[in-house]
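Subject: A structure to look at

Hello,

Here is the structure I promised to pass on to you. Please open it next to this message, and I will walk you through what turned up.

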Amino acid sequence: MAPAENNKPANVWAIRFGSTLVPVAHAAGQNVVTVLGLRFMTDSLAISAGTAGLIFALVKIYDGLLDPAVGALSDRARTRWGRRLPFLLAGGVAMPLGVMMLFGAPDFGSVLLAQVFVTLALMIHASGYTLLTIPGFAMVVESSPDHHERTRLMAWRVYGNGIGTLIGTTVPGLILSRMGAGRGAHLAMATVIGALVLVATLAAVRLLARAPRTAPPEHPRPFNLVAQARLAWANVPFRILAITHVFLLFGTAIGSAAMAYFSRYVLQAGDGWISGYFLFSTVGMVASIPAWVRFTAIIGKKAGYMGAMTLYGLVNLTWLLAAPGDPAWLTTVRALGTGLAGGGTILCAYAMLSDAVRYDYLCSGERREGVFAGLTTLLDKLSSAAALAAMGAFLSAMGYVSSTMGGPVAQSAGAIRAVALCVGLVPALAMLGGVITVWCYRLDPASLEEKPEGASA
């Protein structure tokens with residue numbers, strides 16, 4: 001292993017808090033776009049559902065192709081701040097800019113110009129997300145050689161993801177419920193979220209300045225996406241987890257994006273409903289993490305992952321029974337159940353992925369955390385792209401009507417049924433695919449201790 005770049009004493013709590021703030025930033029900036037971006041494009045910019053879904057998909061593909069490059073660059077970068085921190089800082093600036101451009105899109109008087117502008121905004125936003133997520137994940141993997149400490153750091157990241165999700169889903173709903181669904185309200189909402197993303201990033205960079213880090217390789221291999229994909233595919237545990245991740249992200253992406261439509265057209269509720277739902281969902285997720293940490297220590301991460309995905313799918317199926325006027329307690333139970341399952345899927349997915357990356361180091365003697373982080377997010381983006389494109393095409397095929405009104409417009413029974421299926425049935429089927437795939441995972445903790453941390457290839 002290359003000698004450490006940073007020999008200053010590291011405060012374990014500074015690393016934990018810094019590791020928490022990174023997902024606070026990117027989850028807040030990502031969730032506001034995931035939950036409201038597609039609906040804003042169809043209901044405020046008059047972009048058809050099919051075109052809006054295609055734009056999201058193309059941007060996701062661009063972002064996915066960017067991921068391995070950012071991972072490789074962060075592996076080999078040499079700066080006075082180390083390999084990862086400059087990327088985090090750049091992401092913390094780009095992501096808020098993209099959010100404010102999207103929801104502050106001016107009235108061009110042309111749907112085509114609006115499409116071009118929001119595509120640019122989403123590309124900037126997605127680039128910021130990549131610059132935050134990949135180096136952030138890689139820093140966690142290299143921050144500790146201890147299997148249990150990495151799991152704890154992943155738990156802290158889940159806490160951060162929960163807080164960021166809470167900010168990115170409840171704050172926008174509260175602002176829109178008070179200010180209305182007009183463009184001015186959307187811009188005000190985006191400004192608030194953007195400021196919070198920037199502040200969280202700056203604090204994270206400060207806290208992680210002394211985190212342990214390893215030096216980049218003296219003679220790095222040239223960046224080659226195909227070679228990186230082959231390298232990752234040869235790691236069997238990573239391969240299985242990556243396929244499982246595709247199922248997981250497909251289901252959660254389409255379910256989250258459809259929820260804003262679901263509350264408006266199926267439940268006939270205002271945007272305040274979105275805030276309440278995601279509030280309880282996030283509370284359920286954050287509150288469940290200590291239990292998931294203990295639970296997986298007893299039954300194993302694999303069993304915990306399978307159980308969490310099963311629960312997620314079952315809860316989503318109950319939305320097929322939802323109707324206007326459902327009691328508040330029923331929505332709360334569903335939200336808490338989704339949060340409970342989501343906490344388990346996030347914790348187990350990333351803790352197991354960190355083990356697979358650690359396994360690569362033990363087998364090869366090379367530090368390639370950024371490469372694997374980049375490939376993981378590439379698959380995330382491609383699966384999300386497929387989900388959003390499929391959802392947009394499905395809604396258009398079922399007759400969904402776009403407008404510039406900002407609020408609800410009359411929709412056909414077929415369009416409303418399509419929205420319900422996107423929230424209920426599709427995520428459940430995706431979770432089933434994930435459970436079947438991860439059942440084949442065989443990596444155990446003992447195999448992660450076969451090679452001493454200080455050994456070289």
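A salt bridge, as the term is used here, is a side-chain nitrogen of Lys or Arg within 4 Å of a carboxyl oxygen of Asp or Glu. Before the details, two notes on the ground rules. This is a predicted model, with local features needing a pLDDT of at least 70, side-chain atom pairs counting only at pLDDT 80 or more, and totals for chains, interfaces and linings using all residues. Residues are numbered from 1 along each chain as its sequence is written, and side-chain values use heavy atoms, with hydrogens and water left out.

**Salt bridges**

The structure holds four salt bridges. One of them joins D271 to R39, with 2.9 Å between the closest N and O atoms. This pair links distant parts of the chain, since D271 sits in helix α9 (residues 271-299) and R39 in helix α1, 232 residues apart. (Helices are DSSP runs of H or I with at least four residues, strands are runs of E with at least two, and both are numbered from the N terminus.) D271 counts as buried because its relative accessibility is 11%, and R39 is buried too, at 4%. Here buried means under 20% relative accessible area, exposed means over 50%, and partly exposed is in between (1.4 Å probe, protein chains only).

Another salt bridge brings together the side chains of R264 and D43, at 2.7 Å from N to O. R264 belongs to helix α8 (residues 236-266) and D43 to helix α1, so this pair ties together parts that are 221 residues apart in sequence. Both R264 and D43 are buried.

A further one pairs D326 with R334, whose closest N and O atoms are 3.5 Å apart. D326 is partly exposed, at a relative accessible area of 26%, while R334 counts as buried at 7%.

**Helix α1**

Of the 32 residues of α1, 27 are buried, so the helix is largely enclosed by the rest of the structure.

**Nonpolar cores**

A nonpolar core is a set of buried Ala, Val, Leu, Ile, Met, Phe, Trp, Tyr and Cys residues joined through side-chain atoms within 4.5 Å. The largest one has 77 residues, of which M41, F103, F262, W319 and M391 touch the most other members. The helix that gives the most to this core is α1, with twelve residues. Leaving out residues up to four places away in sequence, F103 touches V32, V33, L36, G37, F40, R183, H186, L187, M189 and A190, where contact means heavy atoms within 4.5 Å. Another core, of 37 residues, lies apart from it and includes A351, L353, L375 and Y441.

G339 is in helix α11 (residues 328-364) and is buried, with a relative accessible area of 2%. Beyond residues up to four places away in sequence, G339 touches S281, G284, M285 and S288.

A232 is part of helix α7 (residues 225-234) and is buried at 5%. Setting aside neighbours within four places in sequence, A232 is in contact with F238, R239, F372 and L375.

S403 lies in the loop between α12 (369-397) and α13 (413-423), and at 11% relative accessibility it counts as buried. Residues up to four places away aside, S403 touches T42, D43, S44, L45, A46 and V409.

The predictor's confidence in each residue is the pLDDT, from 0 to 100. The chain averages 83, and 85% of the residues score at least 70. Among the elements, α7 has the lowest mean pLDDT (71) and helix α14 (residues 425-438) the highest (95). Over residues 1-9 the pLDDT is below 50, and residues 452-457 are below 50 as well. Where pLDDT is low, the predicted coordinates should not be read in detail.

Best wishes
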